[in-house]
Amino acid sequence: MDLNSIFTNQRTGNNPHTKVSRTDFQRDFDRIIFSSAFRRLQNKTQVFPLPGSVFVHNRLTHSLEVSSVGRSLGSVIGEFIHDNFVSDLNEESKNFYLHNLGNVIAAACLCHDVGNPAFGHSGEDAIASYFDRNESDLKSKFNEKEWADLVNFEGNANAIRVLAQQQQGKDAGGIQLTFATLASIAKYPCEAIAKKKGIIHRKKFGFFQNEKDIFLEIAKGTSMILENENPYIFRRHPFVWLVEAADDICYNIIDMEDAHRLGIVSTADCKNLFFELVKSETDDINRIEQKLDSISNENEQISYLRAKVINALINKSVELYKSNFNKILEGNLDKGLLDIYKSENKTLQDIETFSIEKIYNHKAVVEIENAGYNVMYELLDHFIPSILKTTDERKSYDKKALKLLPKQFFYEDGTDYQKVLGVIDFVSGMTDNFATDLYRKIKGIDIGMTM
C-alpha cells in the first residue's frame with residue numbers, strides 16, 4: 001500500500017471543508033465527543049452491572065481510555081513512519097504522519113464501540129438470535145445478503161451505520177467523519193454473506209448491505225486492498241491494528257482492575273498477575289517494588305501496577321507493529337498485535353485465562369447477560385412484527401406499538417430490510433436503563449405516567 005494514499009480528509013455526506021483552527025482529523029474527535037451516540041455509552045454495560053455502589057467502567061469510560069492509549073500508539077507510529085519512510089512521503093503525508101495519525105487513531109478508538117447495543121455482547125447475541133429463532137416467519141422477506149446481516153448482527157458493522165448513515169429527517173453522512181477515521185475501525189472489512197459462502201472463517205463482518213456503497217467509498221478513498229468482490233472482502237487497513245491493540249490493552253487490564261474493586265478478584269491474585277507481566281517487560285523492577293511498598297492502599301497498588309502494565313503493553317505493541325510493518329501494509333498479518341504477544345509471553349495469556357474463569361463467568365456478569373438478552377429480544381419482538389405489516393394489515397395494537405418508535409427510525413417507505421434496520425437502530429441505540437424501563441412498561445410491569 002502507498003503510504004501517501006491510505007489516508008484522506010474526505011468525509012461521508014460530501015461535507016464541504018470549512019476553514020478552522022483544528023485539522024480535519026481533530027474535528028473528527030470533537031464531533032464524536034459531542035454526538036448523542038457517544039454520550040449514550042455512559043449507560044451501556046462494559047462487563048459489570050450498572051450502576052453500583054462501586055464505580056466500574058462503562059462503555060464511555062472504556063472508550064475514553066482506549067482513545068488515550070490509541071493516541072499514544074498513533075503518535076509513536078506516526079513518528080516512525082515519518083522518520084523511516086521520509087523519501088516515500090509527499091509533504092502532505094509527512095505532516096499527516098508527524099502530526100495527525102495520533103488524532104485519527106484517538107478518534108477511531110473513541111467511536112469503536114458506538115455500534116454496540118446495551119448489555120454488552122449479550123445485546124448483540126439477542127438481536128442476532130431474534131432473527132435466527134424466527135427464521136420461518138421472517139427469512140422470506142429478505143434477500144440472502146440482507147438475511148445474513150440480520151442473523152449475524154454485529155456491533156462493528158453497526159458502528160459504521162451509526163456513524164455514517166442518514167437517518168430520517170437528518171443530514172446526509174451521519175456525523176460526517178473522515179474516511180481515514182472510519183477505515184480505522186473496520187476490523188472485519190467484509191460482507192456478512194462471506195462467512196456463509198465459506199470464503200472466510202471469521203464470525204464477524206464490517207458493514208450492512210444498506211451501507212455497502214458508503215463502505216466501498218471509504219475503502220476506495222483509503223486504498224484498502226480488495227481481496228474478493230462477490231462477496232466483498234477487503235484486507236484490513238493498516239491503522240486498524242493500532243485501534244485493535246488499544247482496545248485489547250484496555251479491556252484485558254481494566255476489567256481485572258474493576259473486578260478487584262468489586263471484590264471478585266483478590267488483591268494477591270491481581271497484584272501477582274500484573275506484577276509478573278511488568279517484570280517480564282522491564283529492567284527496573286526494583287524501583288517498582290519499592291514504589292509498591294510505599295503504597296498502603298490496596299486499590300492504589302493495583303492502579304499503580306495497572307498503569308505500568310498498560311505502558312509495557314503500549315511499548316510492546318509499538319515494537320510488534322514496527323517489526324511487522326511490511327506485512328501490515330500488504331494486509332498479510334493474520335494476528336492481532338496482542339495475540340502475537342500472547343504467543344511470545346505467557347503472562348498476558350494467564351491474565352486472559354484467569355479473566356474468563358473468574359470474571360466473565362462470574363454470577364453477576366452472567367445474570368446481567370441473561371437479563372439483557374431477554375430485554376433486547378422482547379423489545380425487538382414488540383416492534384418488528386408490526387413494522388413488517390402493511391398499513392392495511394396493521395391492527396390497533398400494531399399502530400400503538402409503532403407510536404413508540406421515534407420518527408428518525410421509522411422508514412415507512414423503505415424496503416422490509418430498511419424498516420427492520422430502523423427498529424434495530426432504535427433498540428441497539430438504547431442505554432441499559434432506557435431499554436429496561438421500556439421493557440417493563442410494554443410488559444405491564446410498570447404502569448403509570450413518567451415524564
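**Helix packing of α14 and α16**

Helix α14 (residues 267-280) packs with helix α16 (residues 298-323) at an angle of about 25°, their axes 9 Å apart. α14 and α16 are therefore roughly parallel to each other (angles under 35 degrees). The model is predicted: local features need pLDDT of at least 70, side-chain atom pairs count only at pLDDT 80 or more, and totals for chains, interfaces and linings use all residues. Residues are numbered from 1 along each chain as its sequence is written, and side-chain values use heavy atoms, with hydrogens and water left out.

**The helix pair**
- The axes are lines fitted to C-alpha atoms over the stretch in contact, and angles run from 0 to 180 degrees between N-to-C directions.
- α14 and α16 cross in a left-handed sense (the near helix is turned anticlockwise from the far one by less than a right angle).
- On α14, the contact (heavy atoms within 4.5 Å) includes T267, C270, F274 and L277.
- On α16, the contacting residues include E298, I302, R306 and V309.
- The contact residues divide into 10 nonpolar, 2 polar and 4 charged; Ala, Val, Leu, Ile, Met, Phe, Trp, Tyr, Cys and Pro count as nonpolar, Asp, Glu, Lys and Arg as charged, and the others, Gly among them, as polar.

**The whole chain**
- The chain has 23 helices and 2 strands (DSSP runs: H or I, at least four residues, for helices; E, at least two, for strands).
- The C-alpha atoms fill a box of roughly 75 × 55 × 45 Å along the principal axes.
- Of the 451 residues, 53% count as buried (under 20% relative accessible area, 1.4 Å probe, protein chains only).
- Among contacts with a separation of 6 or more, 71% come from residues 24 or more positions apart.

Methods
Parallel < 35°, antiparallel > 145°, perpendicular 65-115°, else oblique. Buried < 20%, exposed > 50% of the residue type's maximum accessible area, 1.4 Å probe, protein only.
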